Structure formats: structure tokens, C-alpha cells
Amino acid sequence: ESRLVAWHSGLKHGVNKLEHMRGRHELPLTKSEWQKKLTPEQFYVTREKGTEPPFSGVYLNNKESGMYHCVCCDSPLFSSEKKYCSGTGWPAFSEAHGTSGSDERDTGILRRVDTSLGLTRTEVVCKQCEAHLGHVFPDGPGPSGQRFCINSVALKFKPRKH
Ligand SMILES: [Zn+2]
């Protein structure tokens, strides 16, 4: 009987796990689902690793206080506190929201090696939905010396409530 109970609780655990996974995957998964959810520009940048034209983005000169979220899944990615003007034509951040020291475990982003265009760059993607956000370069300000070069189109700004 105890074996049966163990088996039953194992099954229950498995079901809970499945429910949990399903909950996390309420996001659109297929290309056409993303295409329906996003504008053509958002789709091109986030799902096809595109780049918006320089100096075209709506958040380039945004100096309001708040949080920049993933346009695809709403995950908080970058705080206005770490935004700066890099002069390159894209919004720049010196670190991702949730970074502690050089530890990015609690951030909403992941780094990936990108060897497209014959260059070796570090791509920045959303941890939750794998949206392409931009790249990170080692020529930023301050002690971290990083420049997260992020497409405006991949972001959704939410002003801080006062
Ligand atoms: Zn996302």
C-alpha cells in the first residue's frame, strides 16, 4: 500500500509540475502567434533578431523614471536608473535590472554569443521569452564598463508611479 501511496504522490507531483510548466507557457510559442501579437517592427526585431534604424527609437531620449519591460512578455528588464546616452542612436543601459555586482542571475536577460555579420558579439535576449533585445558591448561607463545597446522596439516603458 505504501508503494501505491508513493506512486500516487509521485504522479501528483508530476501533474503539478506539468501544470506549473503549462502556466509558464501561456506565452505565444509559434512564429505566427508572435506575428499576431506584435507589430511588424516588434516582430522583426524581437523574433527575427532585427535592429531598428539608429536614432529612430521612441525611448532613445526618454529620461522619465520607470522600468523598461519586454514588449513580448512584459518581464521587467532595464531600469531608467541605469539608462544613459551613448550617442550611438539606440537606448543604452549600463546594467540589467536585478544585477548585483557582476551576477546577472536575478535579471530578466540572458547573454548569448552571436557570430552573425562575421563579428563576435554578445547578444542580449529576454530570459522568459527569448526575445532578441540587442547586444552588450564592453565600452560602457562606470566600473562595469558595459553598454547594453537595446532596441526601443523591444521594450515597453512603464513610468514610475509617484
Ligand atoms: Zn520577454
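Q: Two residues are in contact if their C-beta atoms, placed from the backbone, lie within 7 Å. What do the buried residues of H3 pack against?

A: They pack against S7. Both labels come from DSSP: helices are H or I runs of at least four residues, strands are E runs of at least two, and numbering starts at the N terminus. The model is predicted, so local features need pLDDT of at least 70 and side-chain atom pairs count only at pLDDT 80 or more, while totals for chains, interfaces and linings use all residues. Residues are numbered from 1 along each chain as its sequence is written.

Q: Why is Cys-70 called buried?

A: A residue is buried if 20 or more other C-beta atoms lie within 10 Å of its own, exposed if 12 or fewer, and partly exposed in between, with C-beta atoms placed from the backbone. Cys-70 has 24 within 10 Å, so it is buried. Cys-70 is found in strand S1. Across the chain of 162 residues, buried residues make up 29%.

Q: Why does Pro-76 count as partly exposed?

A: Pro-76 has 15 C-beta neighbours inside 10 Å, so it falls in the partly exposed class. Pro-76 is found in strand S2. Leaving aside neighbours within four places in sequence, Pro-76 is in contact with Met-67, His-69, His-97 and Gly-108.

Q: Which residues does Cys-70 touch, not counting residues up to four places away in sequence?

A: Cys-70 touches Ser-75, Leu-77, Gly-108, Cys-126, Gln-128, Cys-129 and Ala-131.

Q: How do you know that the fold brings together residues at least 24 apart in sequence?

A: Count the contacts between residues at least 6 apart in sequence: 50% of them join residues at least 24 apart. C-alpha distances give further cases. Cys-70 and Leu-155 are 85 residues apart in sequence and 5.0 Å apart in space. Pro-76 and Lys-158 are 82 residues apart in sequence and 9.5 Å apart in space.

Q: What puts the buried residues of H3 on the same side?

A: The buried residues in helix H3 (residues 40–48) are Gln-42, Val-45 and Thr-46. They cover an arc of only 80° around the axis, so they lie on the same side of H3. That arc is taken over the directions from the helix axis to the C-beta atoms. The face turned away from the buried side carries the exposed residues Pro-40 and Glu-48. After H3 comes Lys-49, with a positive phi near 55°.

Q: What makes S1 and S2 a pair?

A: Strands pair if DSSP finds at least two bridges between them. S1 and S2 have 3 bridges, in the antiparallel sense. Met-67 stands opposite Ser-79 in S2.

Q: What strand order does the open sheet of 3 strands have?

A: The order is S2-S1-S9, with antiparallel pairing. S2 and strand S9 (155–159) are the edge strands, since each pairs on one side only.

Q: What order does the open sheet of 6 strands have?

A: The order is S3-S4-S8-S7-S6-S5, again with antiparallel pairing. Strand S3 (83–84) and strand S5 (109–114) are its edges: each pairs on one side only.

Q: How many bridges join S4 and S8?

A: S4 and S8 share 2 bridges, in the antiparallel sense. That meets the pairing rule of at least two. Ala-92 stands opposite Cys-149 in S8.

Q: How many bridges join S5 and S6?

A: S5 and S6 pair over 6 bridges, in the antiparallel sense. Leu-110 has Val-125 in S6 as bridge partner. The hairpin of S5 and S6 has 6 residues between the strands, and Leu-117 there takes a positive phi near 60°.

Q: What makes a set of residues a nonpolar core?

A: The members must be buried Ala, Val, Leu, Ile, Met, Phe, Trp, Tyr and Cys residues, joined through C-beta atoms within 7 Å. The largest such core here has 26 residues. Those with the most contacts inside it are Leu-77, Cys-126, Ala-131, Leu-133, Phe-148, Ile-150 and Ala-154. Strands S1 (66–70), S2 (76–79), S4 (92–93), S6 (121–126), S7 (132–137) and S8 (147–150) are the elements that give two or more residues to this core.

Q: Which residues does Phe-148 touch, not counting those up to four places away in sequence?

A: Phe-148 touches Phe-78, Ala-92, Phe-93, Ala-96, Val-124, Gly-134 and Val-136.
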